Amino acid sequence: MLEVEETLRRARAALVKAKVWDPEHRMLIVGPVQGGDKLDILGYSATKMGELNFDIYAIGSPTTLLEEYDFSTIVRMIATVKARLPPGKPVHLFGAGHPLILPFAVAMGVDFFDSASYVLYARDDRIILRDRTVRLNEIKVDRIPCNCPVCRKYSVKELMSTNKAERERLLAIHNLYVLWEEIQEIKARIKEGTLWEYLEEKAGGDARVKSALLALRKGLRALLKVIPDESGRVRALHITSLESLHRPEIIRHVERLLNNYEPPQGCIVVVLPGELLDRPYIRDPLIYWLIDQLISNDLLSKVHIIINNPSWVQYRMR
Ligand SMILES: [Zn+2]
């Protein structure tokens, strides 16, 4: 806590000096948020730093957590910080250099990353793949399952027989390539509106990633105001299990419905089960008959028909 207070004191002093040194504000200044996995201290630091007008905020280093594949703690850290920082300010995550955590961080509104993981892993003969990390000597096939320039050129045997420094260089290129590829995938998923499905895919293959997804779901409501709203991009939700219903688009939709819906004054609300009705509902014989009856009895303006279809999410939304 003392360190946090000291950083806050220096941060305030730095902002005053920055105004003198850089009156035209040509340099962006980063406000570090400290506390690591001590979430109460982290939250305090985020609140206090957020009150100061930094250009960018950075979350202090989860490198050791990443080394231990403790993704759920990293997710809790990001959630704690994001919920307290001003929503419009960019956020940097230090030391997040693994394809398994990057899409989670992006989904929570992290904008920048930096990491030396590609070199550190290479130094240790560890190979980053999109869905896991393996050691070179654990690969039982001729080639690393990857299409990067290194893996196209060298077999596993050739890599093993290369001297240490050269092997480190080659594996670092491979690792960096995989991270770059992951970033491209995340960008594509954002554009397609399928980032959340991507998180679920990732969680399906690794228990540690699954616990990160559960941690993200738990903290989701507090984050809705500050994480990107992708509802406009989403054209279809692919719901594979009940767990899939805990995603921002659905939570937002339900909240909007609860907050915004009010039956017109003097109307009777009729809720019909929608699973067995044809779509579009207006062409379903039952609905057609019902509306016909309401019109002929001059009741159409007095009844509000709501069709409840829990399986709506399986369909393409328009
Ligand atoms: Zn490769």
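1. Basis. Residues are numbered from 1 along each chain as its sequence is written. Because the model is predicted, local features need pLDDT of at least 70, side-chain atom pairs count only at pLDDT 80 or more, and totals for chains, interfaces and linings use all residues.

2. Confidence. The protein has a mean pLDDT (the predictor's confidence in each residue, from 0 to 100) of 87, with 93% of its residues at 70 or more. Residues 314-318 fall below 50, and this stretch makes five contacts in the model beyond near neighbours in sequence. A contact means that the C-beta atoms of two residues, placed from the backbone, lie within 7 Å.

3. Domains. Domain 1 (2-236) and domain 2 (263-311) are given by the domain assignment, which is automatic or from a database. Their centres, taken over C-alpha atoms, are 49 Å apart.

4. Sheet. Four strands form an open sheet in the order S1-S2-S3-S4, with parallel pairing. Strand S1 (30-33) and strand S4 (112-114) are the edge strands, each pairing on one side only. From one strand to the next the twist averages 25°. Strands (E, at least two residues) and helices (H or I, at least four) are DSSP runs, numbered from the N terminus; pairing requires at least two DSSP bridges between two strands.

5. Strand S2 (residues 56-59) pairs with strand S3 (residues 91-94) in the parallel sense over three bridges. Ile-59 is opposite Leu-93 in S3.

6. Helices. Helix H2 (residues 39-51) packs on the sheet and touches S1 and S2, its direction making about 160° with that of S1. Helix H4 (residues 71-82) also packs there, touching S1, S2 and S3, at about 150° to the direction of S2. Angles run from 0 to 180 degrees between N-to-C directions, with axes fitted to C-alpha atoms, for helices over the stretch in contact.
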